[in-house]
Every structure is written in C-alpha cells, then in structure tokens.
Amino acid sequence: SRMAAGLARNLRRLIFEKVMRFSSGEFSRFSTASLITRSTNDITQVQMVLMMMVRMVFYAPIIGIGGIIRAVGKSASMWWIIALAVGLVILLIAIAMLIAVPKFKVIQSLIDRLNLVARENLTGMMVVRAFNRQASEEQRFDAANQDLTRTNLFINRVFVIMMPLMMFIMNVISILIIWVGAHQVAQATMQVGDMMAFMQYVMQIMFAFLMMSFMFIMLPRADVSANRIADVLETEVSIHDPAEPQAFARPFRPTVEFRQVSFRYPDAEEDVLHGISFTAGAGQTVGIIGTTGSGKSTVVNLIPRFYDVTGGAILVDGVDVRQVRMAELRQQIGYIPQQSNLFSGSIESNLLFAEEGADEAAMRQALEIAQASEFVFSGEQGLAAEVSQGGSNFSGGQKQRLSIARALVKQAPIYIFDDSFSALDYKTDAALRRAIHQKLGDSTVFIVTQRVATIKNADLILVLDEGRIIDQGTHHQLMERCEVYREIALSQISQAEALA
C-alpha cells in the first residue's frame, strides 16, 4: 500500500509539473476534463493494480509452483490433470480479457465525457437557469452517465460469470482426480491419503491462478490508464528555454519590435497573422484595435511566448524573445488576460500572486490605480476579504479591476492589457487610463480593445484586419486615412469627439 500510494503521489506530481510547462499549443491536445481524469481516476487505477500486483502476483506463483512440485511428488502419473486444470483456467481468463479489454478503453473516454458535462453545467449554471435548460441538461448528463453505467455493467457481468465457471472447473477437476485416483487406489498404486493430498495441492494451484486472474481483470484497465498518463508525460513541450540563453541588458529598456511576424496555430492550415511589423518605444502606449477575429489577442500573446512565432521575430530590448529564458522574459511583463482569473483565498493573496515580496503600500497603490480601492476598503476586512474560486463573489468589473491591480503590483516595465477594460463603465475606464498614464509613464503599455475611446490618446494605434496591420499611427492620422478605423470610431463616439 505504501509503495502504490508513493507511485500515485509521484505520478500526480509529475503530471502537474508537466502540465504547468505546457504551452497553449499543448493544451489544445488535452481538454481540461481529460487532464483532470488522467490525474485522478487514471492514476487511481494504476495505484490499485500495483498494490494488487505486489500482494498477489509475487505471492500466487510461489503457491502455484510449490503446489505443482508437491502434487507431482505425490502422483507423477496424474500430471496431465494439473495441466488440464491450468489450461482451462488460462483459457477462461483469456476469453474474459478479449471481451473486456476493448470496453476498458471506452470507459476512460466515457469518464472524460461525464467529467466534461459536469464541469460545463457547474460553471455555466447561471446560463442554464436563465434559458430554462435544466431538463435538457439533466438529460445530457443522464445520457453520459447511462453510457458509462452500461459499459461498466457489461464488464462486471463478464467477470461475475467467471467465478461460477471457475468453481465449476474446480469441481469437475476434483471429480476427475477422485475417479482417476480411485482406480489407482484399487490397483494398489496409490494410497487414499496421497490421492486426497494430490487433490488439495491441485486446488491450491488453481486458487493461485484464480488470484492471478483477478490481477489480469484489473490489468487491462490499468494498462489503458497508464497509456493515458504516458500520453501526457511524453508530450513534447513546444516552447522551452534556449540551450544557451541570452540575458537582457542592464538597465532594461522596454522596447518591443515585431519584424515581419507570421503565426499559425498548431495543426492549422493557414496563418492567422501575416507580416506584422511595428516598433513600440520605451514608455509608449500602443493600442491594438480591429474587427472580431482579426488577431488582436494573438499579437500580444506572442510577446510573453504563450505561443512562438512561425515566421519573423519579436525583439524585446533588442533581444529575440526565443533567445531569453522564459522566466526572465515574463519577469519584465505584467499581463492582464481577457478573462479575469482570480484564485481562491483573499484579495491580498491574489495581489501577492504577481510579486510575493510586495508590501501593503505597493498593494494599496496598485488598487488605487486600478480604481479598486473603493470597494476593497469599503468593507471591514479590506485586503483580507475572501475571494471565492474564480472570484465568483465579485462582479465582472470588480474582478477585472482586481486582475489589473494584481499585474500593477509587479511594477513591470511592460504591461499587456488584453481587452481588460471591457467590463468597466466609461467613467471608470477613463479614470483608470488617466491613472495608468500618470503612474506608469516609464512602462511600455499594450492595450487590446474594441473601444476607440480607450486608445484614443495612445502614442501608436495598430488597426488589424484578417491578421494584417492595415494601418498604424495616432488617432488623428488614422481618422484621416484609415476607413476601417474611422468606421469603428464613428460607430462608438460622435464625429465631434472623434475629431477632437
């Protein structure tokens, strides 16, 4: 039990460490539900088999071999009965495995499916209720549940039949031994005591194989689980540190340059970015805007190497990001994702997630810049206020501001706001941008947004369409010469505001 539990612990740690090093490309191969199943149910299957293996597989052969030696010593002429008994047991086990192994492979994928449906309903419970889809979702869950139940029942029925068949074989063998042995006793070539001893040894041999049969029942499922675990552990991480990493110069200059950058997602047929070229100088604010699906988020996700470019190069402080250790590169970046991911704990623990050594003054300043200090310190608990899993006890705008504050605590030279103002009202948005401009003047800031007002005062605005930069410049330059930008601007703000 200690050995099996130790193996399970080590496998869980190895899978977790491996998944933590996955890039976004590797995550596309395994669903979240599948990774959870592999690190829980699959490892449990391997743990159970190892425990059974150590307790039975090493013990049963000793009993079986010892029984064969002693039985042959009692009556060498009846060795064929032992061979017949063992052959029948092996045949029965083989038939059961041939029927069950294909089903074992199906079971783990069905567990993945059940996990997926349960996760979707738990995370999307409000949507389900809002559209009165409880009945249909119950049916969907029940369908996944019934599929798994039917497959499990089929396998269990196969192995339930094995026990009476095994007992039938043992009784037939007993009758055969008595019949053959009785003739030998009658001919005075064997004593009654030796015949009874021979029978006991044959039963012992068959029980040894019966014990091993239980092992073989569990082994196919564990084999499937072990292969699923190995799939994760053997997955090559596509983004890794260079063999001979370069270091950024000191002092670090937060310049970012894209040189003819092209990119396509893993297994995609065509590029989603084509020939992206621009330079963001130290301390500049770069706005990125464009139609939905134009590649705005993809551009900024290439800077911290969530993906690697497939063509061209990205230079930070004059160094190709692929030539720098990822930890050193990401140390220079404060990242605020589209989805505000908060971790269970407190507001303080979430802020310290970005910089463990940050003091209270730094956290307060970050909250003030993010326009979050009002709702954080309005309560009695302040920084100690509880944060539920995923930040579900905060509104969308509050979660977004806390995510921004978390990145600001880091005091990084480069900040990436990936559509991080979408849940904020215009007043809070304006106050936040004003505070960022005043407090982060030395940092290079990238802002991905759908709102023209958010990037109107940016030093450089990139207009993307179908993965290409169709124009770049200041707000006034783009209003004069870029039709796409002008259409977006005039659909959101008045002409007077756009030209002001």
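I took buried as under 20% relative accessible area, exposed as over 50% and partly exposed as in between (1.4 Å probe, protein chains only). By that rule Y265 is partly exposed, because its relative accessibility is 28%, while F263 is buried at 2%.

Ground rules for this entry: the model is predicted, so I kept local features at pLDDT of at least 70 and side-chain atom pairs at pLDDT 80 or more, with totals for chains, interfaces and linings using all residues. I number residues from 1 along each chain as its sequence is written, and side-chain values use heavy atoms, without hydrogens and water.

Next, the rings. I paired rings of Phe, Tyr and Trp (its six-membered ring) with centres within 6.5 Å, calling planes under 30 degrees apart stacked, over 60 edge-to-face and the rest tilted. How many aromatic pairs turned up? I got eleven. F248 and F252 are edge-to-face, because their planes stand at 75°, with centres 5.0 Å apart. Both of these residues, F248 and F252, are buried. F263 and Y265 also make an edge-to-face pair, since their planes are at 80°; the centres are 4.9 Å apart. I also noted one aromatic cluster made of F258, F278 and F446.

Then I looked for charges over rings (NZ of Lys or CZ of Arg within 6 Å of the ring centre and within 35 degrees of the ring normal). Which ring has R451 above it? The charged end of R451 is over Y426, 4.5 Å from the ring centre. K103 lies over the face of F154, at 5.1 Å from the centre.
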